[in-house]
Structures are given as structure tokens and as C-alpha cells.
Amino acid sequence: MAASSCSAPGLWVRGSWQRLGTLFTFVSKPLCSAAAASRPLDAQRLAERLRAQKQEQKTKKPVPTNPIQRRVQELLRFTEQLQRVHPNVLAKALSRGLVHQDKDLVVINKPYGLPVHGGPGVRLCISDVLPVLAKMLRGHKAEPLHLCHRLDKETTGVMVLAWEKEVAHQVQELFRTRQVTKKYWAVTMRAPVPSAGVVDIPIIEKEVQGQERHHKMTLSPSYCMDNGKIVRVRTNRNAHLAVTQYQVLSSTLSSALLELQPITGIKHQLRVHLSFGLDCPVLGDHKYSDWNRLAPQLSACILKKLGLPQSKARHIPLHLHACQLTLPALQAGKEELNLVCKPPRYFVHSLHRLGLKMPSRDQNGDEEATHSGAR
């Protein structure tokens, strides 16, 4: 009777969660019987093994010696692993980085690469772990937390959750009626002129005709140039009013750190206004840096400062961070809630490499608030 071949599945023997910029390490070892291990190889099996080893060597990427390139690869692998961890592991990580917690609200520092809602290709999102997070904070009888607003998958920073559905609706209404003050930091390619101002241009979603069809948000201005004259354009009924206030905090010839305050809350508003309105796309925004295609940003000057080759440009993460959020008092007799999140480590490292300065908290008295450590 011929000996059975080794077909046992791999076993997960170790899993570790660390902070942003680190990896989940899993080791898999196949189980083989002693008889199978000692059985001599025939020519066919030997050829198959050699081909497998050769293929593994081809797909195995060399570890870069440049520390910046290593960080880029680590962040990329980290965001991929976020979609595969157990919900308990993700909830535990979020609980360790709470910005604020009281009887009504829980405020977290949203990490990079984690979607808020589910969708095509999304294995794990924040809404999936809200029941687990609630039990970690209030015990096993706790009801699930509720989302009060959302941030893009690539955006980091302040995110508000509510214990009760009624409170969540109350906070959502504050966002809808523009009573919540939101401030973002963005690292941009080039600096806008003037250095402070307001972008008041409606935004509309359009289909892009190219090598691959896709949809993007874009500007829908009320006026345009026609033979050197300013002509009013007929308003598109699908266009949304969009207003963004901006200010340059620090700048060089090739990049800038901006503080953004969205007055309205249209999808991808900040990214569209910066890229198509001010010609200063957000660093790592590979969707809105070019209208006709979805492609990596290619700025030789910035890549050189970051210590990255052109081939790694597509791995640069979006440098957009929700740094501050001010909520009006939810009940009579209470004060407004001012929440501040420090930017993630990759954001801070990019500032240093690009020669941009982070503003001190002492310059703005209104920024003295609850803080969360950098991730």
C-alpha cells in the first residue's frame, strides 16, 4: 500500500499586534509524517519542488536598506493585514488609543487604511467591531456603539461614536447643520497662492472616460472663461455646494502643510478643492492628482526628499489627518467638547523629511484640548 502524501493544512502558530508601522507575524508549518519525510524523491516530484522554490525566490521581495522605503513597505503590509485580523484584535487596538470617553460619547483616533463601513472587497471595518469595542469598554452586557459620522478609509484622526442611538442622531444633526467645527491637516505638493483663503466651488460626481472607466468628484464652477470673457455657467442640478477654508502653516518650494476647515461636508471635498481648485494635491492622493487616470504621484523632488524611488510612489499613503473637532454642548449646562488627535507617525516623519514644521500648540489657544498619542 503506497504511503499517503503530506496534505495537512498549515497551522497559525503566532500572531502579534503592534502599533501602526509594525506587522502581524504569522508562521505556518506543514505537518508531515516521518515516513513521507524520509521517502526518496522521484524525478517528477524533484522537478516540482525545484520549480516551486524558483517561483518563491522570484516573488520574494528584497528588504530595502533605506529606512524610509522600509517604512513604506511596512505601512502597506500593515493596511493589508488590517483586513484579515480578528475583530477582537482590532477592537483591542482601538480601545488602547481612546481620545475621549464619557457617558454619551466615545472618541477614537482612526488609523490609516481602515474603512468605516463595509463594501466590495472590505473584509473588516470599524462598524463591524463596534459591538466588541463596547463590551471591552463597558462589559459584556453593553449595547453596541453607534457611528456619528465617517472618514475616508485613508484619512486618519478624530472619529466620534455614541453609546445611544438618540445621541448619535443628535450628533449627526449637528454635523448636518454645520454646527461642528472640523479642522484637518494636509501635506500638499506645492503651496497654494494666496497662502490663506476660501475655496467656494460646487462639486459634482462624473464618470472618467479612460483606459478604465471610473467615477470621480470634480469641480462644477458657476463661471468659466469664453474667448477671454467671464461667462456664467448654467448650474448643474446634481452639483453640491462646497466651501473650504484653508491656511498654510509651513511651506517649502515643493510642498506645504495646510490647515483645512471644511464648511460643508461633500464627499472628497478637501481632496478635490486642493487638487483641482488650488493645484496642490494632497501627498499620497493617487486618485485626484490627475483627472484622466488613477496613477501614482510622480514628483522627483518630493520622492528624493522622502528617499523613495519612482517605483515606490504608489505606496505613499494619503497625508490627510482630522486633527481637531469641536462639538457643541449636547445638554444644557455642559461645555462644548474640543478634541485633538496628533497625526500618525508616517505623517510626522514626512514633515521632517520635507522640511516642514509642525505648529506648536501654544500658537493657538483654542487647540488646548483632549489629546491622543501619535500612532
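Predicted model: local features only at pLDDT ≥ 70, side-chain atom pairs only at ≥ 80, totals over all residues.
Q: How far is the C-alpha atom of Leu260 from that of Trp185?
A: The two C-alpha atoms are separated by 6.2 Å, although the residues are 75 apart along the chain.

Q: What about the chain as a whole: how many helices and strands?
A: The chain has nine helices and 16 strands. Of its 375 residues, 43% are buried. Among contacts between residues at least 6 apart in sequence, 66% join residues at least 24 apart.

Q: Changing topic, how many aromatic pairs does a search of the whole structure find?
A: The search finds three aromatic pairs. Tyr112 and Tyr346 form an edge-to-face pair, because their ring centres are 5.6 Å apart and their planes stand at 70°. Rings of Phe, Tyr and Trp (its six-membered ring) pair if their centres lie within 6.5 Å; planes under 30 degrees apart count as stacked, over 60 as edge-to-face and the rest as tilted.

Q: Which parts does the Tyr112 and Tyr346 pair tie together?
A: Tyr112 is in the loop between strand 4 (105-110) and helix 5 (126-138), and Tyr346 is in helix 9 (residues 345-354), so the pair links parts that are 234 residues apart in sequence.

Q: What is the geometry of the Phe276 and Trp291 pair?
A: Phe276 and Trp291 are also edge-to-face, at 6.0 Å centre to centre with 80° between the planes. Phe276 is in helix 7 (residues 269-277) and Trp291 in the loop between helix 7 and helix 8 (300-306), so this pair ties together parts 15 residues apart in sequence. Phe276 is partly exposed at 25% relative accessibility, and Trp291 is partly exposed at 27%. Together with Tyr288, Phe276 and Trp291 form one aromatic cluster.

Q: Which charged residue sits over the ring of Trp163?
A: The charged end of Arg138 does, 3.9 Å from the ring centre. The criterion is NZ of Lys or CZ of Arg within 6 Å of the ring centre and within 35 degrees of the ring normal.

Q: At what angle do helix 4 and helix 5 pack?
A: Helix 4 (residues 87-96) packs against helix 5 at about 55°, with the axes 9 Å apart. Helix 4 is therefore oblique to helix 5. Axes are lines fitted to C-alpha atoms, for helices over the stretch in contact, and angles run from 0 to 180 degrees between N-to-C directions. Angles under 35 degrees count as roughly parallel, over 145 as roughly antiparallel, 65 to 115 as roughly perpendicular and the rest as oblique.

Q: Which residues meet there?
A: Pro87, Asn88, Leu90, Ala91, Lys92, Leu94 and Ser95 of helix 4 meet Val129, Val132, Leu133, Met136 and Leu137 of helix 5.

Q: Finally, the backbone: where is the cis peptide bond?
A: A cis peptide bond joins Val193 and Pro194, with omega about 0°. Pro194 is in the loop between strand 7 (181-189) and strand 8 (196-200).

Q: What is phi for Arg190?
A: Phi of Arg190 is near 75°, a positive value in a residue other than glycine. Arg190 lies in the loop between strand 7 and strand 8, and is partly exposed at 36% relative accessibility. Arg178 also has a positive phi, near 60°. The position of Arg178 is the loop between helix 6 (165-176) and strand 7.

Conventions:
Residues numbered from 1 in each chain as written. Heavy atoms only, no water. Helix = DSSP H or I, 4+ residues; strand = E, 2+ residues; numbered from the N terminus. Buried < 20%, exposed > 50% of the residue type's maximum accessible area, 1.4 Å probe, protein only. Contact = heavy atoms within 4.5 Å.
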